[in-house]
Amino acid sequence: MNQYPHPMSTVPNTPAPLGDETPAPLGDGKLVVARVLVAEGNPATAEMVVLVLEHAGYQSMRTVTGRQVLAAAPQWHPDLVLLDLDLPDLPGPDVCRRLHQMVSAPILAVSTESDPEAAELAMACGASDYVRKPFRTVDLLSRIESRLAGSVLGG
């Protein structure tokens, strides 16, 4: 459970203790959990990302193929999609383009591709941001927070 109000929250300097799953109330008393849909083709990376997200207080759902993320997105209503552009079944830019048409959530594209044109293509297909793998978890969380805050502010 997210212990921080979504999405204008900040990740604290020290992580919350494991097992502390009490969400913090917003000003109106409602509890809000940020939902991150993870589409990651590498099982080890996917597991690590989900653990990091849950430890940081996010609710997450893991998918491993383009077809799975495209099916899950409209049903699960994520606040953000973390999209690996190197999925095993469909081209990442195509998945990104279709996701962008399906959901209003920001899409954070990730890839091992170091060519600047890969980031430009992801952005042209609807991604809000691009992170190159391998990434530090603190950097990933920072980018997620930024995108979530931007989605509330209209960015």
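Visitor: Hi! How many salt bridges does a search of the whole structure find?
Guide: Seven salt bridges turn up, each being a side-chain nitrogen of Lys or Arg within 4 Å of a carboxyl oxygen of Asp or Glu. This is a predicted model, where local features need pLDDT of at least 70, side-chain atom pairs count only at pLDDT 80 or more, and totals for chains, interfaces and linings use all residues. Residues are numbered from 1 along each chain as its sequence is written, and side-chain values use heavy atoms, with hydrogens and water left out.

Visitor: Which residue forms a salt bridge with K133 at 3.0 Å?
Guide: That is E40, with 3.0 Å between the closest N and O atoms. K133 sits in the loop between β5 (129-132) and α5 (137-152), while E40 is in the loop between β1 and α1 (43-55), 93 residues away. Helices (H or I, at least four residues) and strands (E, at least two) are DSSP runs, numbered from the N terminus.

Visitor: Is K133 buried or exposed?
Guide: K133 is buried, at a relative accessible area of 11%, and E40 is buried too, at 3%. Buried means under 20% relative accessible area, exposed over 50%, and partly exposed in between (1.4 Å probe, protein chains only).

Visitor: And where does D84 come in?
Guide: D84 lies in strand β3 (residues 80-84), 49 residues from K133. D84 and K133 form a salt bridge with their closest N and O atoms 3.4 Å apart, and both residues are buried. Through shared partners, salt bridges join E40, D84 and K133 into one network.

Visitor: What about R143, which residue does its side chain meet?
Guide: R143 meets D129 in a salt bridge of 2.7 Å, N to O. R143 lies in helix α5 and D129 in strand β5, so the pair ties together parts 14 residues apart in sequence. R143 counts as partly exposed at 30% relative accessibility, whereas D129 is buried at 10%.

Visitor: New topic! What pattern does the protein chain follow?
Guide: Along the sequence it reads β-α-β-α-β-α-β-α-β-α, which comes to five helices and five strands. Of the 155 residues, 46% count as buried.

Visitor: How do α2 and α3 cross?
Guide: The axes of helix α2 (residues 66-76) and helix α3 (residues 92-102) come within 10 Å and cross at roughly 5 degrees. That makes α2 roughly parallel to α3, a label for angles under 35 degrees. Axes are lines fitted to C-alpha atoms, for helices over the stretch in contact, and angles run from 0 to 180 degrees between N-to-C directions.

Technical notes
Parallel < 35°, antiparallel > 145°, perpendicular 65-115°, else oblique.
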